[in-house]
Amino acid sequence: MATVYIKPGTGTGTGTLADPYFYSQLSSAETAAGSGGTIYFTDGAYDFTADVTWDADGVTYQSLNPLGAVLTRTGLSSGSTSGELEIAGSGNTIAPKVKNFKIVNMKVWFYQPSGLTGDNVPTLQGCNISSTTDLDVSTGIIRVVGGATGYPIKILDNSIAFKLKSTVTFWATRLDEATFEGNSIYLDNSLTASNVDSNYDSTTSKNNIFMSADDSKMGSRTIASNSSNCCFFQFHSNNTSGGTNNVFENPLYIDPDNGDLRLRPSSPCINAGTAS
């Protein structure tokens, strides 16, 4: 295993901090890092014109400075269904991990992470995921792509603020074994006449905040009944009971419409979580 560095663009580098690989050398960086190694992405915009697949066995893809590396799918128009960051898991002994990126106009899909357990599962952690236009994410902002159950993943400490268009499935397929903790979510669903729905019912969640712009357009999933120490606001009338130590109040995000999901000092969510 090794630590290597990468920067945006095309060219030739050696992978050191002083002379990072260019993103066009990603395969070289993955080989040099090896299983258990880390590729640190230096600050800058990594603009993609097609979907992106990160699938090196046991490699951590990580922004060197939190949110300093920005991943974005360029050329997407309003209502587009394109734009994916694909974290592969099929065939991995240790699945890839993605940490601390700012991800704009891209969905995050986990591909068939079967037969993996413990710390070896695909992980999305500490990322800021947002959209600048009303994307069609009917197939899921977060999705596990596989054939059956048995695909555990970890989604930890992310901030997710999406503008939504058309019928939306926020959590799509096979998240029943996910570890879902510490995430802050805001859905601007005021742009669609259809419900926001979810295949999320059987997933246990902890220390998450869920908020939408329009309660009347949320689906009828009862996420609260499987949650502990979470906050729900305008996330459908069914999410007003059940679970353990949940809060059903406005979390008081600083500026959710512009993707700032930090909490105001008077937020009822401050110190409402649990470390256990």
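**Exercise 1. Find which residues asparagine 65 touches, leaving aside residues up to four places away in sequence, and describe where asparagine 65 sits.**

Solution. In this predicted model, asparagine 65 touches Asp43 and Asn100 once residues up to four places away in sequence are set aside. Turning to one of the two partners, aspartate 43 is 22 residues away from asparagine 65 in sequence, while the C-alpha atoms of the pair are 6.9 Å apart in space. Finally, asparagine 65 counts as partly exposed, because its relative accessibility is 38% and that class covers the values between 20% and 50%.

**Exercise 2. Work out how many salt bridges the structure holds, and state which parts of the chain are tied together by the pair of aspartate 119 and lysine 154.**

Solution. The structure holds 4 salt bridges. In one of them, the side chains of aspartate 119 and lysine 154 meet with an N to O distance of 3.2 Å. Aspartate 119 is found in the loop between β11 (107-111) and β12 (123-125), whereas lysine 154 is in strand β16 (residues 154-156), so the pair ties together parts that are 35 residues apart in sequence.

**Exercise 3. Decide whether lysine 206 is buried or exposed, and do the corresponding step for its salt-bridge partner.**

Solution. The partner of lysine 206 is glutamate 181, and the closest N and O atoms of this salt bridge are 3.9 Å apart. Lysine 206 lies in strand β23 (residues 205-206) and glutamate 181 in strand β20 (residues 179-181), so this pair ties together parts that are 25 residues apart in sequence. With a relative accessible area of 18%, lysine 206 is buried, because the cut-off for that class is under 20%. Glutamate 181, by contrast, is partly exposed, its relative accessible area being 30%.

**Exercise 4. Describe how strands β27 and β28 pair, and name the residue with a positive phi in their hairpin.**

Solution. Strand β27 (residues 253-255) pairs with strand β28 (residues 260-263) in the antiparallel sense, over 2 bridges. Within this pairing, tyrosine 253 stands opposite leucine 263 in β28. The hairpin has 4 residues between the strands, and glycine 259 takes a positive phi near 85 degrees there. A salt bridge also joins the side chains of arginine 262 and aspartate 260, at 2.8 Å from N to O, and arginine 262 is exposed, with a relative accessible area of 54%.

Notes. Residues are numbered from 1 along each chain as its sequence is written. This is a predicted model: local features need pLDDT of at least 70, side-chain atom pairs count only at pLDDT 80 or more; totals for chains, interfaces and linings use all residues. Side-chain values use heavy atoms; hydrogens and water are left out. Two strands pair if DSSP finds at least two bridges between them. Buried means under 20% relative accessible area, exposed over 50%, partly exposed in between (1.4 Å probe, protein chains only). Contact means heavy atoms within 4.5 Å.
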